Amino acid sequence: MAEPLLELRNLRKNYGALVVTDDVSLSVEPGELHAIIGPNGAGKTTLIHQISGMLPSNSGQILFAGEDITNLAMPQRVDRGLARSFQITSILPGFSALENVALAVQARSGSSFRFFGTAAQEKDLNIPAMECLSEVGLGARAHIPAGLLSHGEKRQLELAIGLATAPKLLLLDEPLAGTGHDESQRVVETLRRLKSRLTIMLIEHDMEAVFSLADRVSVLVYGRVIATDTPERIRANPDVRAAYLGEEEMV
Amino acid sequence: MTEIAETHSAPSLGARLEIIPVVLFAAFAAAPLLATFSGAEGYVLSLLTRVMIFGVAAMALDLILGYGALVSFGHAAFLGLGGYAVGILASHGFEDALIQVPVALVASAAFALVTGAISLRTKGVYFIMITLAFGQMVYFLATSLAPYGGDDGMTLASRSLIAGSGWLENDFTFYWVCLLCLFAAYALSRSIVASRFGRVLRGTRENAVRMEAIGFRPFRFQLAAYVISGMMAGLAGCLLANQAEFVSPAFMTWQRSGELIFMVVLGGLGSLHGAIIGAAAFLLLEEFLPEILHTVSFFLSEETRSHLAENWKMVFGPLLILIVLFVRGGIMGLLRRSHYG
Ligand SMILES: Nc1ncnc2c1ncn2[C@@H]1O[C@H](COP(=O)(O)OP(=O)(O)OP(=O)(O)O)[C@@H](O)[C@H]1O
Ligand SMILES: [Mg+2]
């Protein structure tokens with residue numbers, strides 16, 4: 001078996017006495033779409049924060065493409081090909097959608113210590129940025145200030161920004177949260193297309209989407225991974241059903 | 001957030017000629033001619049020269065405050081560094097600007113690099129306080145420089161030489177040199193703001209976490225901007241020393257730092273020429289408010305009128321506060337609004 005792209009070893013995070021990530025070990029294989037599901041407050045976002053480097057871990061190890069990245073800062077992890085989206089939309093509201101994405105292209109294309117020339121007019125940045133926007137279906141909205149986009153469009157923009165960093169692994173924190181039916185269909189279709197090119201770790205509450213997209217699913221409950229398996233077997237797993245008892249989302 | 005969307009679109013040099021900066025610089029260029037006819041040539045020239053010098057300093061501050069949301073409360077320190085570089089070097093016989101200015105720029109850059117590297121580790125109020133503390137540190141250092149006048153400061157024997165010649169002694173020449181510096185600083189700042197570098201700075205102002213999440217290390221960009229800003233303010237300090245033919249710790253009191261912030265906010269954050277307009281408005285109000293008050297209060301008794309004129313600062317403060325409170329976006333905001341009807 002090939003070396004996993006991402007490997008978490010006994011990862012822990014606690015806030016005082018509250019253990020939010022409890023001895024999590026899991027691996028993401030190259031090319032797979034690995035979904036993480038779990039009830040509200042299970043620690044899914046916290047886990048993404050730890051992997052992306054926004055939050056330090058109390059103990060454990062994070063390996064990315066064989067390298068120990070546990071102590072690297074977020075920008076260094078991005079350089080190595082680890083991108084993320086945010087559950088709570090995090091964009092530059094005063095910049096156009098295109099510029100939001102072009103900045104991500106700029107981050108990986110040479111030095112940004114250039115004091116001359118108008119960045120907003122650099123074709124080398126704008127063309128790849130436009131491709132990412134078109135990929136998520138926002139091409140027509142490229143020149144709208146990001147702060148004025150609809151909620152669903154902002155979610156799509158998050159995705160486009162992540163793509164523009166040219167990641168090996170894309171961490172997506174509930175990309176469908178709060179989107180309407182049509183928009184969420186569009187995002188699911190986009191993810192289906194991206195699946196063939198990228199390794200994706202997907203956190204999502206929309207079970208229909210999860211089970212149709214995921215190659216493997218891990219279930220997180222109270223900070224612990226209680227199961228990792230194919231979607232079919234996860235659906236049939238009695239522990240998982242017990243954890244979700246009373247939650248109507250489970251199909 | 002909506003305010004940000006309103007006030008900050010990246011200015012791009014050359015893309016469209018904007019009317020306000022063109023009028024502004026044309027006015028500065030025409031002013032010496034008018035001064036000749038005013039009958040108070042020396043006075044008008046020296047006042048406008050001060051306006052331009054503070055325009056450079058306020059613009060330097062706008063670069064980090066308006067585009068980086070870094071509220072430096074110690075920027076007067078750079079005025080002092082520039083001024084003292086001129087004064088101290090001159091007192092040791094180095095009177096040429098070709099030596100003084102590079103030394104002033106290097107000193108300002110070094111000070112900005114060290115204090116910036118420390119200050120930028122903090123955010124918000126702490127950043128304000130720590131820049132203030134560094135500013136005060138330089139202020140007290142200057143007051144303790146007994147060989148260079150201590151508290152009283154020192155008078156320059158003459159203005160700086162340029163490559164050995166005394167051109168700057170002529171007030172007109174000095175005026176043009178200041179205008180040239182103002183224009184160069186403006187053009188450079190415009191370029192920086194629209195560049196790749198400036199875009200990272202502006203992006204960090206809006207959402208630093210997002211910038212890190214796409215791979216930028218905001219600290220480096222903020223520090224570089226702080227150094228550039230410090231050097232620009234240091235240059236203003238060199239000019240100010242020459243204009244006053246005098247340097248003293250009063251150059252870098254915290255009140256002076258506060259005034260710089262006021263100028264930027266008064267003119268309108270994040271437009272660069274707004275800072276120049278703010279500096280002009282501030283200095284001209286300070287200069288003419290006593291007379292204006294005297295004239296406007298014609299219906300009062302002569303005694304009250306002169307009291308009012310004497311205590312003009314009682315009106316100045318509240319007036320500034322009212323402008324900032326009720327004219328969102330400063331003078332530039334006002335101009336923009338009237339432009340769109
Ligand atoms: N800064 C913090 N201090 C203390 N507790 C926190 C902090 N951040 C998160 N928590 C707690 O950690 C737990 C996990 O939160 P997290 O946001 O990771 O859950 P989640 O699985 O993403 O939930 P959701 O599905 O609602 O997005 C929650 O109980 C939360 O209250
Ligand atoms: Mg979450």
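In what sense do strand 3 and strand 8 of chain A pair, and over how many bridges? In this predicted model, strand 3 (residues 33-37) and strand 8 (residues 199-203) of chain A run parallel and share 4 bridges. His34(A) faces Met201(A) of strand 8 across this pairing.

Both strands belong to an open sheet of 6 strands in chain A. The strand order is 6-7-8-3-9-10, and the pairing is mixed. The edges are formed by strand 6 (82-84) and strand 10 (224-229) of chain A. Each has a single partner strand, so one side of each is left without a neighbour in the sheet. From one strand to the next, the twist averages 15°.

The antiparallel part of this sheet includes strand 9 (residues 216-221) and strand 10 of chain A, joined by 5 bridges. Within this pairing, Leu220(A) has Val225(A) of strand 10 as its bridge partner. Strand 9 and strand 10 of chain A form a hairpin with 2 residues between the strands. Tyr222(A) in this hairpin adopts a positive phi near 45°.

A further open sheet of chain A has 4 strands in the order 2-1-4-5. Its pairing is antiparallel. Strand 2 (18-28) and strand 5 (67-68) of chain A are the edge strands, and each pairs on one side only. Helix 1 (residues 44-52) of chain A packs on this sheet. The helix touches strand 1 (6-15), strand 2 and strand 4 of chain A. The direction of helix 1 makes about 120° with that of strand 1 of chain A.

The pairings within the sheet can be taken in turn. Strand 1 and strand 2 of chain A are antiparallel and share 7 bridges. Leu11(A) is partnered by Val24(A) of strand 2. Glu7(A) is likewise bridged to a residue of strand 2, Ser27(A). The hairpin of strand 1 and strand 2 of chain A has 2 residues between the strands. There, Gly16(A) takes a positive phi near 60°. On the pairing of strand 1 with strand 4 of chain A, the count is 5 bridges, again in the antiparallel sense. Leu8(A) has Ile62(A) of strand 4 as its bridge partner. Strand 4 (residues 59-64) in turn pairs with strand 5 of chain A over 2 bridges, in the antiparallel sense. In this pairing, Phe64(A) is bridged to Glu67(A) of strand 5. In a regular strand, side chains alternate between the two faces of the sheet.

Salt bridges were counted over all chains, giving 21. One of them joins Glu153(A) and Arg141(A), with the closest N and O atoms 2.9 Å apart. Glu153(A) lies in helix 5 (residues 151-164) of chain A, and Arg141(A) lies in the loop between helix 4 (123-135) and helix 5. The pair therefore ties together parts that are 12 residues apart in sequence.

The size of an interface is often given as the accessible area lost when the parts come together. For chain B and chain A, the area buried between them is about 3000 Å². Carbon and sulfur atoms account for 61% of it. In chain B, Arg196(B), Arg199(B) and Arg210(B) lose the most area to chain A. Together they make up 31% of what that side buries. By contact, 31 residues of chain B meet 38 residues of chain A.

Polar interactions also cross this interface. Between chain B and chain A there are 4 salt bridges. Among the salt bridges is the pair of Arg217(B) and Asp79(A), whose side chains meet at 3.0 Å, N to O. Polar contact is found for 17 residue pairs across the interface of chain B and chain A, both residues being at pLDDT 80 or more.

Several helices supply the side of chain B that touches chain A. Helix 7 (171-194), helix 8 (196-206), helix 9 (208-213) and helix 10 (218-244) of chain B are the elements that each give two or more residues. Helix 8 of chain B gives the most, with 7 residues. By class, this side of chain B has 16 nonpolar, 7 polar and 8 charged residues.

Notes: Residues are numbered from 1 along each chain as its sequence is written. Chains are lettered from A and ligands numbered from 1 in the order in which they are written. This is a predicted model: local features need pLDDT of at least 70, side-chain atom pairs count only at pLDDT 80 or more; totals for chains, interfaces and linings use all residues. Side-chain values use heavy atoms; hydrogens and water are left out. Two strands pair if DSSP finds at least two bridges between them. Axes are lines fitted to C-alpha atoms, for helices over the stretch in contact, and angles run from 0 to 180 degrees between N-to-C directions. Contact means heavy atoms within 4.5 Å. Buried area is the accessible area (1.4 Å probe) that two parts lose on being put together, summed over both. A polar contact is a pair of N or O atoms within 3.5 Å; within protein, one must be able to donate a hydrogen and the other to accept it, and residues adjacent in sequence count only if both atoms are side-chain atoms. Ala, Val, Leu, Ile, Met, Phe, Trp, Tyr, Cys and Pro count as nonpolar, Asp, Glu, Lys and Arg as charged, and the others, Gly among them, as polar.
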